[in-house]
Each structure stands twice: as C-alpha cells, then as structure tokens.
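Subject: Handover of a structure and notes on it

Dear colleague,

Please find below the structure that I am passing on to you. My notes follow it, and I would ask you to read them with the structure open.

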Amino acid sequence: MENNTPYEQLKLENQLCFPLYACAKEVVRLYTPYLDPLGLTYTQYITMLVLWEKRQVSVKALGELLWLDSGTLTPLLKKLESKGMVTRSRSKEDERSVVIGLTEAGEALEKDAAEVPAKVGSCLKMPPEEAAALYSLLYKTLNRLNDSDGNGED
C-alpha cells in the first residue's frame, strides 16, 4: 500500500491508540462464546464481576471502578435488573445515591461464570509473566490518564 501522507505522525502504524483499540476489541470478542450461555454482554459481565466481589455498590462507585459514565451504566443496569440479576434502590444514607445489589439469580450466576477467566486466558496464548507485565503497564497507563494534576507520575 502506498503512503501518500507527508505526516509520519498520521500513519496508522505510528498510533499507540490503534493496537490498544484493536486488542481490546479482539479480547472482548474472545469472551462472547463464554458469556452468551450466561446471557451477559462483556460490559454486563464486568459489572457483575464488581458486584460478585462487593455484593452491593453505588452507581457512582461502580462507574468509577469500570470507567463508565452514567449514560452507559443506567441502561446497562436497567437491563440487568430486567433479567433479574440486580436490584436498584435509593441509599438510606443519601437519597440522591442509587445502590446496586445482587439478587439470588445474580449470586447464582457467579458459580457459572467462575470458569470464564481461565477459558479466555487459555485463548490468549500468552505466558503468565507477559500477561502480568501487560496488566501492570495497562493499569499504569490508566492511572496516568486519570491523573488529575496531569503530571503523569505514579
């Protein structure tokens, strides 16, 4: 393929964002055959991961943990509620805050989902030390992107 741009910085191969995007998309695709039998999308799955760990969480805290805004979370949580997996209720301490909790069906799904990480991990064909290094680097990048003072330090 011929390169017609005079700007090296505009070549796809010079973009850090592209392999991150493509890799994320492909990893999420790997989850599909394991999540379909559970009746979950990837975003619903990561929401359930938080709930299985914490059992109850505010929408605000959930959004922060998942890096999702309320415009994305609200329909997702309504869908999980309609499937009978979660409950949404106002906080007793702060009426402005909505708390998400697990239902019995949501708790029961945890056992069925327990094998998903290992199944997806086996598809990646990545040595554990490389996976650990990638995990660390990705979280370091996320933390730098979220650094409120913009200095990029840990």
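The backbone oxygen of Gly84 lies 2.4 Å from a polar atom of the side chain of Thr103. Such a pair is called a polar contact: two N or O atoms within 3.5 Å, where, within protein, one must be able to donate a hydrogen and the other to accept it, and where residues adjacent in sequence count only if both atoms are side-chain atoms. Thr103 is found in the loop between S3 and helix H5 (104–113). Here helices (H or I, at least four residues) and strands (E, at least two) are DSSP runs, numbered from the N terminus. Thr103 is buried, with a relative accessible area of 17%; buried means under 20% relative accessible area, exposed means over 50%, and partly exposed lies in between (1.4 Å probe, protein chains only). Leaving aside neighbours within four places in sequence, Thr103 is in contact with Gly84, Met85, Val86 and Thr87, where contact means heavy atoms within 4.5 Å.

Please note that this is a predicted model, in which local features need pLDDT of at least 70 and side-chain atom pairs count only at pLDDT 80 or more, while totals for chains, interfaces and linings use all residues. Residues are numbered from 1 along each chain as its sequence is written, and side-chain values use heavy atoms, with hydrogens and water left out.

The side chain of Gln15 reaches the backbone oxygen of Gln9 at 2.5 Å. Gln15 touches Gln9 and Leu10, not counting residues up to four places away in sequence. With 24% relative accessibility, Gln15 counts as partly exposed. Lys11 also has its place in the segment before H1. Is Lys11 buried or exposed? Lys11 is buried, because its relative accessible area is 18%. Its contacts, apart from neighbours within four places in sequence, are with Asn3 and Thr5.

Lys11 and Val116 are 105 residues apart along the chain, and their C-alpha atoms are separated by 36 Å. Val116 is found in helix H6 and counts as buried, at 3% relative accessibility. Leaving aside neighbours within four places in sequence, Val116 is in contact with Tyr31, Tyr34, Leu35, Leu38 and Tyr45.

I turn next to helix H3. Which residues of H3 are buried? They are Val59, Leu62, Gly63 and Leu66. Seen down the axis of H3, these buried residues fall within an arc of 100°, so they line one face of the helix; the arc is that of the directions from the helix axis to the C-beta atoms. An α-helix has 3.6 residues a turn, so residues three or four places apart point the same way. Among the elements that cover the buried residues of H3 are H2, strand S1 (56–58), helix H4 (70–82) and strand S3 (98–102). On the other side of H3, Lys60 and Glu64 are exposed. For Lys60, the relative accessible area is 63%.

Most residues other than glycine have a negative phi. Arg55, in the loop between H2 and S1, has a positive phi near 70° and is partly exposed at 35% relative accessibility. Lys125, in the loop between H6 and H7, has a positive phi of about 50° although it is not a glycine. Lys125 is exposed, with a relative accessible area of 72%.

Finally, there is the largest pocket, which holds about 1600 Å³ of space. On a 1 Å grid over the protein atoms alone, a pocket is an open set of points where a 1.4 Å probe fits, with protein on both sides within 12 Å along at least five of seven lines; lining residues have an atom within 4 Å of a point. Of the 31 residues that line the largest pocket, the closest to its centre are Val27, Tyr42, Tyr135, Leu138 and Tyr139. Helix H1 (17–35), helix H2 (42–54), helix H3 (59–66), helix H6 (116–124) and helix H7 (128–146) each supply at least two residues of this lining. H7 gives the most, with 9 residues.

Yours sincerely

Technical notes:
Points joined across faces, edges and corners; volume = space filled by probe spheres on them.
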